[in-house]
Structures are given as structure tokens and as C-alpha cells.
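Please read it alongside the sequence and the structure displayed below.

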Amino acid sequence: MQTIEIIGLIAAMLTTGAFVPQVYKVFKSKSTTDISLTMYTVLFIGLMLWLLYGIQKESFPIILANAITGLLVAAVIILKLKYK
């Protein structure tokens with residue numbers, strides 16, 4: 001594996017992992033008052049575009065990071081709508 005791929009995987013783990021505490025907090029507290037639905041929706045669309053880009057470029061770190069982060073962001077959006 002090339003060094004740049006390793007850097008990409010580390011970046012993917014860090015940026016994806018940053019969303020885990022938010023999803024956990026929303027799930028546990030059932031409170032989404034301070035979360036912007038607009039921001040998370042725009043972020044989700046951006047992540048899906050990055051995912052398509054990663055698929056086109058056949059870049060595993062880009063695909064992995066954006067697929068997992070997309071699921072986490074989608075979870076926050078769903079919880080935001082559920083606990084509105």
C-alpha cells in the first residue's frame with residue numbers, strides 16, 4: 001500500500017470518527033434542538049457526491065470515509081426528524 005493511501009485511511013478514520021460522538025449523544029439524549037437540519041442535509045449531499053467521486057476514482061479511503069460518514073450523518077438527520 002502506498003504512503004498516500006495510508007494517509008488517506010488515517011484521514012478517513014479521523015473525520016469519520018468525529019461524527020460518532022454526535023450520533024451517540026443524539027441517540028442517548030433524544031434531543032436535537034441545537035442541530036441544524038439544513039447543515040446536516042447539505043453535508044449529506046456533499047458526502048454522497050464525494051462518495052461518487054471516490055467510486056469514479058477507485059479510491060478506497062474516499063469511498064470508505066464518505067460511505068460511513070454518510071450513514072452517520074443520515075442517522076443524525078433521521079433522529080432530528082424523529083425527535084423534532
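## Structural briefing

The chain has four helices and zero strands, and from the N terminus on its elements run α-α-α-α. The model is predicted. The points below are grouped by topic.

**Overall architecture**

- The C-alpha trace spans about 45 × 20 × 15 Å along its principal axes.
- Of the 84 residues in the chain, 29% are buried.
- Among contacts with a separation of 6 or more, 69% are between residues 24 or more positions apart.

**The largest pocket**

- About 210 Å³ of space lies in the largest pocket.
- The largest pocket is lined by 15 residues, of which Ala12, Thr15, Pro61, Ala65 and Asn66 are the closest to its centre.
- Helices H1 (3-17), H3 (37-57) and H4 each supply at least two residues of this lining.
- The helix that gives the most to the lining is H1, with six residues.
- By residue class, the lining of the largest pocket comprises nine nonpolar, five polar and one charged.

**Lys80**

- Lys80 is found in helix H4, which covers residues 60-82.
- Lys80 is buried yet has no salt bridge.
- Asp34, the nearest side chain of opposite charge to Lys80, is 7.8 Å away, whereas a salt bridge would require a side-chain nitrogen within 4 Å of a carboxyl oxygen.
- Leaving aside neighbours within four places in sequence, Lys80 is in contact with Thr32, Thr33, Ile35 and Leu37.

Conventions:
Residues are numbered from 1 along each chain as its sequence is written. This is a predicted model: local features need pLDDT of at least 70, side-chain atom pairs count only at pLDDT 80 or more; totals for chains, interfaces and linings use all residues. Side-chain values use heavy atoms; hydrogens and water are left out. Buried means under 20% relative accessible area, exposed over 50%, partly exposed in between (1.4 Å probe, protein chains only). Lys and Arg count as positive and Asp and Glu as negative; His and the chain ends are not counted. Contact means heavy atoms within 4.5 Å. On a 1 Å grid over the protein atoms alone, a cavity is a set of points where a 1.4 Å probe fits but cannot get out, and a pocket is an open set with protein on both sides within 12 Å along at least five of seven lines; lining residues have an atom within 4 Å of a point. Grid points are joined across faces, edges and corners, and a volume is the space filled by probe spheres set on the points. Ala, Val, Leu, Ile, Met, Phe, Trp, Tyr, Cys and Pro count as nonpolar, Asp, Glu, Lys and Arg as charged, and the others, Gly among them, as polar.
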